[in-house]
Amino acid sequence: MIAFLAGCESFPSSVEESNFQPSDKPVTVDTVTRNDRLAELARAQHPRILATYGGEYSDPKLERMVAKVVGSLTTVSNNPTQTYRITILNSPNVNAFALPGGYLYVTRGLLALANDSAELAAVIAHEMGHVTANHGLARQQKEAEEVLATKVVGEVLGETPTAKVALIRGKLRLAQFSRNQELEADAIGIKTSGLAGYDPYAAARFLQSMADYSNFRSISGATDPSLDFLASHPNAPQRIELARMHARQFGQPGTGATERDSFLAGIDGLLFGDTPEEGYVRGSTFLHPGLGISFSVPTNFVIDNTAAAVTATGPGDVAIRFDGVTLDRKVSLPDYIRSGWVTGLDAASVRSETINGNEAAIASARAEGWQFDITVIRVGGQVYRLLTAAPVANTTINVIARSVGGSFKALSASEKAALKPLHVRVITVKAGDTVGTLSAKMVGVDRKLDLFRLLNALSPVASVSAGDKVKIITDQ
């Protein structure tokens with residue numbers, strides 16, 4: 001199957017297109033009227049991108065800022081006949097990509113990480129470089145397997161292989177361009193952004209920010225790394241140095257515009273992290289105000305909150321999946337577990353429980369080298385399922401499953417009301433403010449000091465001065 005993506009990723013054909021329609025109001029710079037054949041191919045992929053990355057993020061102020069950057073780049077691009085259409089994706093992951101025919105995508109997570117328009121221009125111009133160089137048409141799609149996902153979900157729930165991947169980890173192991181294609185897109189992008197009047201050194205600067213973000217994420221596990229820019233783009237110190245080399249053709253550092261103030265004004269108020277519709281991850285706890293429930297995983301586990309499912313992974317290949325189903329109240333929970341949806345069920349293990357005042361049932365199963373704990377809990381008309389899986393040699397699964405299941409609870413009205421989404425807020429540094437005092441203002445995030453420095457591209461020894469504008473994360 002030919003992959004028609006001209007960006008830095010390709011998407012599996014398993015995403016259901018019937019439930020997603022192409023956006024009729026994306027940020028648009030001109031209309032896609034040329035390259036009609038390519039545009040048709042891109043339109044077919046558009047719903048899959050929306051499905052994978054949380055749909056479209058709508059913010060007119062932000063859209064105008066992004067459209068201005070794209071408009072500046074189109075005036076100097078290598079292919080003056082190419083028009084572009086850009087959509088901001090409602091995803092916390094840091095990514096950008098493009099489709100043939102001029103469809104460009106940037107996530108709100110990337111916008112939150114960038115610090116000026118020149119950095120945004122560098123990323124978008126890189127993706128435009130893939131389009132103008134027709135890289136996507138030369139690449140075959142690669143289908144990679146998520147072994148843990150297939151084992152954990154497949155042996156118990158019997159879903160299709162592609163669904164298993166999405167359910168357990170939300171992973172899309174996406175095809176990559178060759179290193180030469182990436183470096184070619186870097187060169188095209190830096191030339192384009194430099195000719196457009198932007199700081200050409202922004203590309204190297206933002207590559208470094210993304211590398212720092214990747215390191216931070218690998219420790220905090222805040223998002224699904226397979227959906228991030230660096231998962232599909234090679235990154236190395238040599239690549240950053242090559243980017244600086246390309247920038248030198250325009251002059252010394254300090255050349256070109258950054259348009260920092262207009263960029264920060266555009267992202268002020270940007271949603272950060274999870275959406276209310278998908279619930280929130282706060283440390284090792286998942287809370288959903290709409291469903292009115294929460295549960296916690298061990299502190300050494302990483303929670304992935306995706307549109308497909310809430311999953312968590314920990315040491316020893318232990319994995320946890322959470323979802324919900326609607327069940328007739330007349331059906332008892334033990335009978336539901338025995339109803340055939342669990343493969344390898346140990347029927348003698350099924351028993352009724354009460355968890356924090358809620359009707360529940362637990363059971364165990366085993367299939368092809370894996371052991372499973374199944375916990376189902378009824379809250380109102382909904383039944384929630386917690387599936388814990390581990391290799392048969394693992395001796396901690398019962399302790400982990402009982403801990404996670406025992407943490408499940410229904411949220412009170414006041415607890416639900418207290419849950420608010422997080423936003424990027426741009427504030428002005430006042431006299432006496434320090435990196436420490438400013439990072440302490442952030443709420444709803446872990447490792448505040450490290451994240452503050454990361455979001456503001458501050459080195460470990462950098463300080464702030466009165467009058468500077470900085471980003472913080474808050475629920476206000």
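1. In this predicted model, Arg447 is partly exposed, at 31% relative accessibility. Its side chain forms a salt bridge with that of Asp450, with 3.2 Å from N to O. Asp450 is likewise partly exposed, its relative accessible area being 39%.

2. The salt bridges number 15 by the rule applied here. One of them joins the side chains of Glu259 and Lys68, at 3.4 Å from N to O. Glu259 belongs to the loop between α10 (237-247) and α11 (260-267), whereas Lys68 belongs to helix α2 (residues 60-74), so this pair ties together parts that lie 191 residues apart in sequence. Both partners are partly exposed: Glu259 has a relative accessible area of 27%, and Lys68 stands at 46%.

3. A further salt bridge links the side chains of Asp335 and Arg338, at 3.3 Å from N to O. Asp335 is partly exposed at 45% relative accessible area, and Arg338 is partly exposed at 43%.

4. Asp199 takes part in a network of salt bridges together with Asp116, Glu119 and Arg205. A polar atom of its side chain also lies 2.9 Å from the backbone nitrogen of Tyr201. Beyond four places in sequence, Asp199 touches Ala118, Arg205, Thr255, Gly256, Ala257 and Thr258.

5. The largest nonpolar core contains 63 residues, of which Leu111 and Leu120 touch the most other members. Helix α4 (residues 117-132) supplies the largest share of this core, with nine residues. Setting aside residues up to four places away in sequence, the contacts of Leu111 include Leu62, Val66, Ile88, Val106 and Leu120, as well as Phe263, Ile267 and Leu270. A second, separate core has 23 residues, among them Ile303, Ala312, Val379 and Leu386.

6. An open sheet is formed by seven strands with antiparallel pairing, in the order β9-β10-β11-β15-β14-β13-β12. At its edges stand β9 (302-305) and β12 (351-355); each has a single partner strand, so one side of each lacks a neighbour in the sheet. From one strand to the next, the twist averages 25°.

7. Within this sheet, strands β13 (residues 358-367) and β14 (residues 370-379) run antiparallel and are joined by eight bridges. Ala365 stands opposite Phe372 of β14. Helix α13 (residues 397-407) packs on the sheet, where it touches β11 (318-326), β12, β13, β14 and β15 (382-391), and its direction makes about 15° with that of β14.

8. Lys409 is located in strand β16 (residues 409-410) and is partly exposed, with a relative accessible area of 31%. Its side chain and that of Glu415 are joined by a polar contact of 3.0 Å. Lys409 and Phe295 are 114 residues apart in sequence, yet their C-alpha atoms are 6.5 Å apart in space. Apart from neighbours within four places in sequence, Lys409 contacts Gly292, Ile293, Ser294, Asn356 and Glu415.

9. Is His423 buried or exposed? His423 counts as buried, since its relative accessibility of 18% falls under the 20% limit. This residue sits in strand β17 (residues 422-428). A polar atom of the His423 side chain lies 3.0 Å from the backbone oxygen of Gly269. Not counting residues up to four places away in sequence, His423 touches Gly269, Leu270, Leu271 and Phe272, together with Ile472, Ile473, Thr474 and Gln476.

Notes. Residues are numbered from 1 along each chain as its sequence is written. This is a predicted model: local features need pLDDT of at least 70, side-chain atom pairs count only at pLDDT 80 or more; totals for chains, interfaces and linings use all residues. Side-chain values use heavy atoms; hydrogens and water are left out. Helices (H or I, at least four residues) and strands (E, at least two) are DSSP runs, numbered from the N terminus. Buried means under 20% relative accessible area, exposed over 50%, partly exposed in between (1.4 Å probe, protein chains only). A polar contact is a pair of N or O atoms within 3.5 Å; within protein, one must be able to donate a hydrogen and the other to accept it, and residues adjacent in sequence count only if both atoms are side-chain atoms. Contact means heavy atoms within 4.5 Å. A nonpolar core is a set of buried Ala, Val, Leu, Ile, Met, Phe, Trp, Tyr and Cys residues joined through side-chain atoms within 4.5 Å. Two strands pair if DSSP finds at least two bridges between them. Axes are lines fitted to C-alpha atoms, for helices over the stretch in contact, and angles run from 0 to 180 degrees between N-to-C directions. A salt bridge is a side-chain nitrogen of Lys or Arg within 4 Å of a carboxyl oxygen of Asp or Glu.
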